[in-house]
Amino acid sequence: MTQPVALIAGANGIIGNATAQELRRQGWKVRTLGRHAVAGFDSLTVDLTDAASTREALGRAADTTHLFYASLSPDPDLATEANRNAGMLRHLLDGLEVANAPLRRVVIYQGFKIYGIHLGAAVRTPARESDPPHMPPNLYMAQEDVLRRYAERASWDYVALRPDVVVGEVIGNPMNIALVTGVFAEISRALGIPLRFPGTERAYRQLVQFTDAGLLARASHWAAITPQAGGEAFNVTNGDVFRWERMWEDVGSHLGLAIASPVPLTLTRHMADKGPLWRELAERHGLVEPDLARLVGWGFGDFIFHTETDVISDVNKIHRFGFSERMDSTASLLGALARLQDRKALPAVMD
């Protein structure tokens, strides 16, 4: 078989970057696509909302055999979000078709929102891929509708992977729980206060889960090359569950910080005045990003730390199909924090 050629949309994000690195380790030719180039990779810079420029850019990707779609354009209006993201995917598929790319499979990434948790639903757990859909709009449902229609008349098929909170060390991604946690911890240290969970008491004690970015990247490779995975959706998590009550203790111990009982905050408001303090920390420790607003998505932290229902995915299906890797979620988060320190996103020296 000839060398597979991956096109990774959204490779500056946690999922896309980890997948790009993994596929290169596996000997694939890897090309990235997004608004910004990815260091160390052949990159196509394009705005996927622009159909014409997308078609033009994809002339350089005519050898693509596998598409990994991790691009995301969020919007507070769910209908706008669904229509925009479905359109971006459609523009990309149209461009590859015009380029006559020998596409074999598309791997797309969904999230636990496919089960309606963002709408306030107490999702039945463990959530299964066969659970019924909710009333649209939902960006993941809209994207899968596009894939389904295109695949019916194409020679390729697709696989939908459903991670939950993805833990990685990409800097500047707003949906990075490791950065949210690490920056909150270092600001707490600088202010001389204990590390207090910034969510509710109930959220502190719910059962929740992570998906390690490296594990997801390996699942992505598996999904791309496994024939029987075609046309299927798979939950992908580390395979364990935890309560923040225990995880928060582990984070405090790892970072050398005392912890205390939770104090629920709206981080988007409460951390709005911490920019000058972070800039001082960045200067003192030689950090790569002194602008707190560019570094952390506090809104993502608010969503995660205020989820008051269990969040558990059933991962038996992907195990039955042949991908059985598991990971310790505490090791995943603490490892990401250590790598963020190594990359100078977080201070490595305790004050």
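Is His221 buried or exposed, going by its relative accessible area? His221 is buried, at 13% relative accessible area, where buried means under 20%, exposed over 50% and partly exposed in between, worked out with a 1.4 Å probe on protein chains only. Keep in mind that this is a predicted model, in which local features need pLDDT of at least 70, side-chain atom pairs count only at pLDDT 80 or more, and totals for chains, interfaces and linings use all residues. Residues are numbered from 1 along each chain as its sequence is written, and side-chain values use heavy atoms, with hydrogens and water left out.

**View 1. His221 and its contacts.** You'll find His221 in helix α7; helices (H or I, at least four residues) and strands (E, at least two) are DSSP runs, numbered from the N terminus. If we skip its neighbours within four places in sequence, His221 is in contact with Leu23, Gln26 and Trp28. Contact here means heavy atoms within 4.5 Å.

**View 2. The open sheet.** Seven strands line up in the order β3-β2-β1-β4-β5-β6-β11, with parallel pairing. Two strands pair if DSSP finds at least two bridges between them. β3 (42-45) and β11 (233-235) stand at the edges with a single partner strand each, so one side of each has no neighbour in the sheet. On average, neighbouring strands are turned by 20° against each other, direction ignored. Zoom in on β2 (residues 29-34) and β3, and you get a parallel pair with four bridges. Gly34 has Thr45 in β3 as its bridge partner.

**View 3. Helices on the sheet.** Helix α3 (residues 78-98) lies across β1 (5-9), β2, β4 (66-69) and β5 (105-109), and runs at about 165° to β4. Helix α7 (residues 213-225) packs on the sheet too, touching β4, β5, β6 (157-162) and β11, and its direction makes about 150° with that of β5. Axes are lines fitted to C-alpha atoms, for helices over the stretch in contact, and angles run from 0 to 180 degrees between N-to-C directions.

**View 4. A closer look at α3.** With 21 residues, α3 reaches 30 Å from its first C-alpha to its last, close to the 30 Å expected at 1.5 Å a residue; that expected span is 1.5 Å times one less than the number of residues. Its buried residues include Glu81, Asn85, Met88, His91 and Leu92. Among the elements covering the buried residues of α3 are β1, β2, α2 (51-57) and α4 (139-152).

**View 5. Where α5 crosses α12.** Helix α5 (residues 177-190) and helix α12 (residues 298-305) pack at about 95°, their axes 9 Å apart. That makes α5 roughly perpendicular to α12, a label for angles of 65 to 115 degrees (under 35 is roughly parallel, over 145 roughly antiparallel and the rest oblique). Ile177, Val180, Thr181, Val183 and Phe184 in α5 meet Trp298, Phe300, Gly301, Ile304 and Phe305 in α12.

View 6. Most residues other than glycine have a negative phi, and most peptide bonds are trans. Asn100, in the loop between α3 and β5, has a positive phi of about 60° although it is not a glycine. At 64% relative accessibility, Asn100 counts as exposed. A cis peptide bond joins Thr125 and Pro126, with omega about -5°. The bond from Pro136 to Pro137 is cis as well, with omega near 15°. Pro126 is in the loop between β5 and α4, and Pro137 is in the loop between β5 and α4 too.
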